[in-house]
Amino acid sequence: MTAATYQYVDLPDASVVTTRALLTARENIADTVAARAMMCIHGGAGFGKTLAVNTCLRALEPGEDVRKITFRARPTARAVRYELFTALDLAGEPPRHPSEFDRLLKTALAERPRTFLVDEAQWLNGEAFEYFRYLWDEPATQLAIIFVGGEGCHTVLRREPMLSSRIFIWQHFTRLTPSEVLDVIPLFHPIWADADPEDITFADSHAAHGNFRAWAQLTAHTRTALTRTSRPRVDQELLRWAFSRLA
């Protein structure tokens, strides 16, 4: 897997914070990979799913061969085949016939253990999920699969008994609670390290709402405001200016 981009925006000095959800994901992913199983991580946009999974999977490399696949539209089984062909760096031209393509993929996947991170899995329909199950069920393949996506991912998987019965672990990402915000955000970026807890709560209740992506965006705008005004620390006037950019 290529080096991960850990922040949602270009945000110097930001840190990956070990939240409760990230710790749980670390355990769940390690157990799923060890069992060569399938897992589903799902939740709302901006809750930190992909960041957490990338962080956890990078900790397993280079001992684990991790390949990432991301879908931006609803793929057919044919499209999934081509994505796998590319992700596996297979040589030559992709086979034209499905049966030949399947044999090629199964042969490649039997060579050694691998883990697939399937991101934006809310775009997958039953046919696409079924194709991953088809490859995973092959006795010779040594696959672990981590599906990461919005709630649509969970809905489709639960609707297909053949698929949902094979999911080893389900993990639901949710918003940071107000108490988690006060614990996590001062560690996320230096501008919050000496901020008044009341100002952090004010920022969360008016703009970020426990959403890590929103916090990253808010932090970028607040950092700009601090630079332009030369103020030493965050205050509510600065925050209101940052809020105006997020409206």
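Me: At what angle do the axes of helix H8 and helix H10 cross, and within what distance do they come?

Reply: Two packed helices are described by the angle between their axes and by the distance between those axes. In this predicted model, the axes of helix H8 (residues 178-188) and helix H10 (residues 212-229) cross at roughly 45° and come within 12 Å. That angle makes H8 oblique to H10. The crossing of the two helices is right-handed.

Me: Which residues form the contact of H1 with H2, and how do they divide by class?

Reply: On the H1 side are Leu22, Ala25, Arg26, Ile29 and Val33; they meet Ala52, Val53, Thr55, Cys56, Leu57 and Leu60 in H2. The contact comprises nine nonpolar, one polar and one charged residues.

Me: Is Cys56 buried or exposed?

Reply: Burial is judged from relative accessible area, with under 20% taken as buried. Cys56, which lies in helix H2, has 6% relative accessibility and so counts as buried.

Me: With which residues is Cys56 in contact, leaving aside its neighbours within four places in sequence?

Reply: Those residues are Leu22, Ala25, Arg26 and Ile29. Between Cys56 and Ile29, which are 27 residues apart along the chain, the C-alpha separation is 7.3 Å.

Me: How many helices and strands does the protein chain contain, and what does its C-alpha trace span along the principal axes?

Reply: The chain has eleven helices and five strands. Its C-alpha trace spans about 65 × 35 × 35 Å along the principal axes. Of the 247 residues, 47% are buried. The accessible surface comes to about 12100 Å², with 51% of it belonging to carbon and sulfur atoms.

Me: What share of the contacts between residues at least 6 apart in sequence joins residues at least 24 apart?

Reply: In the protein chain, that share is 73%.

Notes:
Residues numbered from 1 in each chain as written. Predicted model: local features only at pLDDT ≥ 70, side-chain atom pairs only at ≥ 80, totals over all residues. Heavy atoms only, no water. Axes fitted to C-alpha atoms, helices over the stretch in contact; angles between N-to-C directions. Helix = DSSP H or I, 4+ residues; strand = E, 2+ residues; numbered from the N terminus. Parallel < 35°, antiparallel > 145°, perpendicular 65-115°, else oblique. Left-handed = near helix turned anticlockwise from the far one by under 90°. Buried < 20%, exposed > 50% of the residue type's maximum accessible area, 1.4 Å probe, protein only. Contact = heavy atoms within 4.5 Å. Areas by Shrake-Rupley, 256 points an atom, 1.4 Å probe, with all protein chains shown as cover. Nonpolar A, V, L, I, M, F, W, Y, C, P; charged D, E, K, R; others polar.
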